[in-house]
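Here are my notes for you to read with the viewer open. Have a look at the structure first.

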Amino acid sequence: MSLFFSQVFNGVGNGVVYASVALALVLIFRTTGLLNFAQGEMALFSTYFTWKLTAQGLPIAAAIGVSMVVSFVAGALIERVLIRPVEAARNPLNVVIVTLGMFLAFNSLAQLVFGTNPQQMPSLFPAGKLGSLNIQKSTVGLGVVLVIECVLLWLLLQKTRIGLALRAVSSNPESSRLVGINTGNMLMLGWGLAAALGAVAGSLVAAKGTGFDASLMQQVLLYSFAGAALGGFDSPLGAVVGGLVVGIAEALTVQYVHALQGITIIVPLVLILVVLLVRPNGLFGRKIVERV
Amino acid sequence: MHRSRSMRLLLLILAVALVAASCSSRRSSSTSSGTTAPGGSGGTGTAAPGAIDTSKCPGNDAAGIGGDTITLASSFPQSGLTAAFSEISKGYKAYFSYINAQGAVSDAGKKYKIVVKDKDDEYNAAKTITNIDSLVGADGSKAFAVFNVVGTSNNIAIRQSLNDNCVPNTFTATGSPAMGNPKYQWTIGSTLSPYSLESKAFADFLKRTKPNATVAMLVQDDDYGMDYEQGFRQAIQGTNIKVVKVEKYPVGANEVTAQITSLAATHADAFFDGGTLLACPNALQQQKAANWNAITYVSGTCIAKTLMGIAGNNADKAYSVTNIKDPINPQFASEPAMKLYRAQVTKYQPKADIDNGIVAYGWTQGALFVEALKASKAATRSALMESLRSMKAVKGVGLMIDGFSITTNGDKDPFMGEQMQFVQYDAAKKYFHDVGTMLDFEGQTAKLTPPALING
């Protein structure tokens, strides 16, 4: 039984990682109605940037802060320079293709700029386990950061005028424009915020004590998509729950389903299919009803 | 409508991506129909031991030699997730530059400069095929030989056409025993020990130190992992050593926490960490976190400075094998071979990470290639292969460790890395030190490896 719980905690450890990237995916979806396939690789670039700052002597917390700000600006610029021109065509597929291109480009760019060797990020949280539980302190730290992010995001989207404008733009850009919302700025804001969230997620994942290289986010992104689809693409809470479910399912599969050794990725796929068959909008997603 | 339609579309793309990812991680274990038994062919008796029957060759034995240059072709990841392997090329390129500046290499009485043309394949075997086709020519009329292509599946992908065109595929950068498949006589491996011999080395060590050991293994879910697992199972036959659990992780994954928790729960006496790249140090970290004290072996692919540095104290006392002098070990610092390596790599490849063992590996393969050219009877492809397949106790080339000698013997024994030093990591000093004397499996790879792994 203790082995079972050990694996559940392992799953939670990976699940918070998936959830934190899923949160950034949800944020972009909530504010722009699109999915960003390059989210993970943008986060990778931010992570390398954080690492570079720590290598220059900046403490890790400060480095993450600087990296967030820079990533925010970069994310907003990407929206303005790369996404908006193709979005004008009104075909969501165009943007999807551009984000896929960015997925490849950011990975290569990160290697070009920061080199190909694995690197080590200093830890933000103390090493070791929490009490007698088989759970790493870094996992708990990441979980706490995740909860804070969720709350801030919820406050921003539900309780502020900017949040209202963000939601309005994603739900109906034309009407928003008519009531005087600067949709362009809102879209840039959405991308900027998501990039900043990605910077936190990537940096904290890399700071878990093991090294990181350019493959850091590739598997994470797939599992995060699975988590977001499971929880519902428009729900921050859903992203977190979905990420955790996927992480735990993965760890338990490794322990108990030997037939799936090496292909545990099949588990989130099956989870998504089942959930989407029963609840097409995900566990926490809202049903979209439109009048015709 | 806009959102729900795009939502459906994106979920579809996601599903496709997931399926594609799961397919690629489950790479088909290329069990081709090559069923020739090791040492089973080549029964003419009259030819020299390493000679290859060239009667079916297209007759371009001297292609790739123009005037005073010999052109070599290579393909390896220079971008993408495994681009760190490109460091190897800096080692041999530095060696070739050094030799060219020394007045070139003498092959059958004439001097030649060595030129390497390479392309990026991102570790994708399909790209390796196009790269090598364009560099060697689809009919084999361009580059003289292929040199140090990185990766098992990448070399397996090109060996048939190189075989058909009688183009040497030399010093492959993989420890797969399949590089010694006698069906592909034009392919020959490098000094990397066959993975099955690494398993044998650890099994023998356990036999001496813990004869009733229980063993848990972490291996990658592909041919590479299979070489370790099946090699180990064969090596412990007839002993009291037992494999109690094997966990596999997806190709390219770094995250192996759940696998290690599962292995640690067995409380096995010994842990075989067959992880490569970051999976290797991550496994050691999780092992430590699980308080699993076991006699630990790490893959020979993991002993690079960068990976062991990341593992740090978690790698303390871990065992492995090597046959190349580690540039970071002060024991070798004052030796002329090491001084030459440092001076020339700094001179010709200033961006290379000179302390990285894989650069030293590349340097040594370059040096061995030059030795093979010098020893070949003619400036032809078949003479080069004959030279490579009949090496007699070659010692002290490049950064080969003292006591390591290479002997090859045609189809019976095309393996170079059959001797190795068992080593143990000292985390405080940050390098490996020797344990015991050299292990000598000379001429025994075919016997110690399950035949399916060689003929795969």
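My comments follow as numbered points, starting with chain A and ending with chain B.

1. Before anything else, keep in mind that this is a predicted model.

2. Chain A is built from helices: 11 of them, with 0 strands. Reading from the N terminus, the order of elements is simply α-α-α-α-α-α-α-α-α-α-α. Its radius of gyration comes out at 19 Å, close to the 19 Å given by the globule rule for 292 residues, so chain A is as compact as a globular protein of that length.

3. One helix pair in chain A to click on is H3 (residues 60–87) with H4 (residues 92–114), whose axes sit 8 Å apart at an angle of about 155 degrees. Angles over 145 degrees count as roughly antiparallel, so that is how H3(A) runs relative to H4(A). Their crossing is right-handed.

4. Who makes that contact? From H3(A) you have A:Leu82, A:Ile83, A:Val86 and A:Glu87, and from H4(A) come A:Asn94, A:Val95, A:Val98 and A:Met102. By type, the residues of this contact split into 6 nonpolar, 1 polar and 1 charged.

5. Over to chain B, where the domain assignment gives domain 1 as 65–193 + 333–417 and domain 2 as 195–322. The C-alpha centres of these two domains of chain B are 29 Å apart. Domain 1 of chain B puts 10 residues into the contact, and domain 2 of chain B puts in 14. On the domain 1 side, the touching residues are 3 nonpolar, 6 polar and 1 charged.

Notes: Residues numbered from 1 in each chain as written. Chains lettered and ligands numbered in written order. Predicted model: local features only at pLDDT ≥ 70, side-chain atom pairs only at ≥ 80, totals over all residues. Domains from an automatic or database assignment. Contact = placed C-beta atoms within 7 Å. Nonpolar A, V, L, I, M, F, W, Y, C, P; charged D, E, K, R; others polar. Axes fitted to C-alpha atoms, helices over the stretch in contact; angles between N-to-C directions. Helix = DSSP H or I, 4+ residues; strand = E, 2+ residues; numbered from the N terminus. Parallel < 35°, antiparallel > 145°, perpendicular 65-115°, else oblique. Left-handed = near helix turned anticlockwise from the far one by under 90°. Rg over C-alpha atoms; globule rule 2.2 N^0.38 Å.
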